[in-house]
Amino acid sequence: MPDATGLELLAHELRSSQAIGADGVLETLHFRGKAALIVAPERIRPVLGTLRERGYTFLASVHGVDYLPHEPRLGVHYELLDMSRVDRVAVKLRVPTDAPVIDSVTPDGPDGPGWPTADHQEREIYDMFGVRFRGHPDLRRILMPEDYEGHPQRRDFPVGGEPIKFTFNEHDWQGDAR
Amino acid sequence: MNATGVSEYRRREESITLSAMGKPHPDGSHDELLTLNFGPHHPATHGVLRLLVNLQGEVVRSIKPIIGYVHTGIEKTAEDKAYWKVIPVVERMDYASYYFNATAYCCAVETLAEVEVPKRAQYLRVIHLELNRIASHLLWLGTSALDLGAISMFWYCFREREQILDLFEMSSGQRMHTRYIQVGGVIEDIPRGFEEKVRAFTSVMPGRADQYNALLHSNEIVLARLRGTCAVDADTLLSLGVTGPLLRAAGNPWDLRKADPYSSYEDFQFKIPVGTVGDNYDRFAVRVAEMYESVKIIEQAIEGLPEGPHITTDRKVALPPRHELATSMEALIHHFKLVTEGFRVPPGEVYFPIESPRGELGCFVRSDGSSKPARVHMRDPSFVNLQALSAMAEGSYIADLIATLAMLDPILGGIDR
């Protein structure tokens, strides 16, 4: 992990980059020895691209978070890893639920190569949280059925929100929708 | 055997010419693509994986995996439970490596709550993790050999796996999903006689692994189906996020136990087996070689097992010992608070990766300050590694697809969660 000073230097370097700009990195966070950069959602591709040039060439994980009741609610985290220095840094961004659209980092683009490993993971975040990834090659549900409605990992999605058919109530079942 | 030392089988095999391949058939049928639905209920998919395979003749042109058949919403369930009650549900994700799931989760929570894990507990974790790694590799070896037609391997592998499950039963009372790893340590110290039983196992296991090698490494059919098939280089694997034995088979010695040691792995001497070209044979050989290394780690951990508590003495996160409940009011209060509400964890977010039998198993935990996690996410290696299947098997024969899927070692419980 970069230490607190290293993280500030990294943030400074990102902010001074043309494609990212001074308002591209919103905040730095050093917590329990783990470094995180909070970035503007529309700058995610240049940020990851610049960090790749700095040695963070392996995208270990992408995961979604729902920050209910805080706004903007939905978060997407990218865990980057520098294998030669054994150094990790997390890049985090937040988007609101009424316009949850960010650029996909999966495909190659004019701003540099993509991260093919993000393919399934972005699909999972779309499935579970409803974040839409602009430019993703195949943005479909991955774990839930294709005709499923709603995004079950959101915090306001109830547990057990779906009726279950048992033998004792199968005759009372209204229609046979499911 | 003839005079040149080449077996009759090999000579005949090499005499077959493939020059007619790739040439169009007179009626044009050669170029026709056949879409084959493979799974979800098929013994070679190692679970409920469904693949849509486009075939040109017998050659695989594209693969589309369809998953989610055993999605049970474990991450959602975890948000509804106190921190220590999440352990049994996350164990059920990757059902072949339950100790790893629990360790990744507990280490993440320990980092959040700043809990110190006693040295003895770390060693006990290592012993069980490595036993679990061998059990997981044995399950893989048995079922993969079955896919290649070597049926007897299955019985031999399950014989040793049974020994490991007996050890788990001895230390925790359960054979699978043991709930042995706790936040702050392990649930109980090992019982009397456990060390001898582990030593008996570690003395017998290398010999058994030699036998597996003898059965498979001199089996011409197995070698023909594994050698040189579906090789992928390390750079492609890295861009696809592949870790673990699959990456090491391609020659990249990345192993979190060495690179970024957790749970006292820095105390042990062991080697990281690597392959050279990253074909199916290397994937097979790396995993078999890892079993020997795991045995070495277990032997060292049993030998150097330090004295001391098996779980943290911080009463805020770990249950007090039973005898204290009869005499100490404070212990009773702690016990009551832990059982009813659980412990509270300071707000924050932590991603904790460990090396599972299939690669980097990372657990992301977000705490909002309450006694239940606000988000638990497992970066399961099977889920990420599955993306490499297309890169591996496209352009090869459908029979090699079966072998590649076996060598990929996906666990569908971990993929779907």
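In these legends, Ala, Val, Leu, Ile, Met, Phe, Trp, Tyr, Cys and Pro count as nonpolar, Asp, Glu, Lys and Arg as charged, and the others, Gly among them, as polar. The structure shown is a predicted model.

**Figure 1. The largest cavity is lined by residues of chains A and B.**
A search of the whole structure finds four cavities of 30 Å³ or more, and the largest of them holds about 50 Å³ of space. From chain A, the lining takes in Glu124(A), Met128(A), Leu143(A) and Gln153(A), while chain B brings His71(B), Gly73(B), Ile74(B), Glu75(B), Asp416(B) and Arg417(B). Helix α3 (118-129) of chain A and helix α2 (74-78) of chain B each supply at least two residues of this lining. Sorted by the classes given above, the lining residues divide into three nonpolar, three polar and four charged.

**Figure 2. Arg88(A) and Glu360(B) are joined by a polar contact between their side chains.**
The distance of this contact, which pairs a residue of chain A with a residue of chain B, is 3.2 Å. Arg88(A) belongs to strand β5 of chain A, a strand that covers residues 87-95. With a relative accessible area of 5%, Arg88(A) is buried.

**Figure 3. Lys34(A) is a buried residue in strand β2 of chain A.**
Strand β2 covers residues 34-39, and the relative accessible area of Lys34(A) is 16%, a value that counts as buried because the cut-off lies at 20%. Between Lys34(A) and Ile44(A) the separation is 10 residues in sequence, whereas their C-alpha atoms are 20 Å apart in space.

**Figure 4. Chain B has a secondary structure of 18 helices and eight strands.**
The radius of gyration of chain B is 24 Å, which is close to the 22 Å that the globule rule gives for 417 residues, so chain B is as compact as a globular protein of that length. Taken along the principal axes, the C-alpha atoms of chain B fill a box of roughly 90 × 45 × 35 Å. Of the 417 residues in this chain, 57% count as buried.

**Figure 5. Helix α17 of chain B is mostly covered.**
The helix runs over residues 398-408, and nine of its 11 residues are buried. These buried residues are Asp400(B), Leu401(B), Ile402(B), Ala403(B), Thr404(B), Leu405(B), Ala406(B), Met407(B) and Leu408(B). An α-helix has 3.6 residues a turn, so residues three or four places apart point the same way. Just after α17(B) comes Asp409(B), a residue with a positive phi of about 55 degrees.

**Figure 6. His177(B) and Arg179(B) have positive phi values although they are not glycines.**
The place of His177(B) is in the loop between α6 (151-172) and β4 (181-182) of chain B, and Arg179(B) lies in the loop between these elements too. Phi of His177(B) is about 50 degrees, and phi of Arg179(B) is near 60 degrees. His177(B) has a relative accessibility of 18% and counts as buried, whereas Arg179(B), at 23%, counts as partly exposed; the two residues fall into these classes because buried means under 20% relative accessible area.

**Figure 7. Cys107(B) and Cys157(B) are buried cysteines in a structure with zero disulfides.**
A disulfide is a covalent bond between the sulfur atoms of two cysteines. The relative accessible area of Cys107(B) is 6%, and that of Cys157(B) is 0%.

Conventions: Residues numbered from 1 in each chain as written. Chains lettered and ligands numbered in written order. Predicted model: local features only at pLDDT ≥ 70, side-chain atom pairs only at ≥ 80, totals over all residues. Heavy atoms only, no water. Buried < 20%, exposed > 50% of the residue type's maximum accessible area, 1.4 Å probe, protein only. Helix = DSSP H or I, 4+ residues; strand = E, 2+ residues; numbered from the N terminus. Polar contact = N/O pair within 3.5 Å; in protein donor to acceptor, adjacent residues only side chain to side chain. 1 Å grid on protein atoms, 1.4 Å probe; cavity = no way out; pocket = protein on both sides within 12 Å on 5 of 7 lines; lining within 4 Å. Points joined across faces, edges and corners; volume = space filled by probe spheres on them. Disulfide = S-S within 2.5 Å. Rg over C-alpha atoms; globule rule 2.2 N^0.38 Å.
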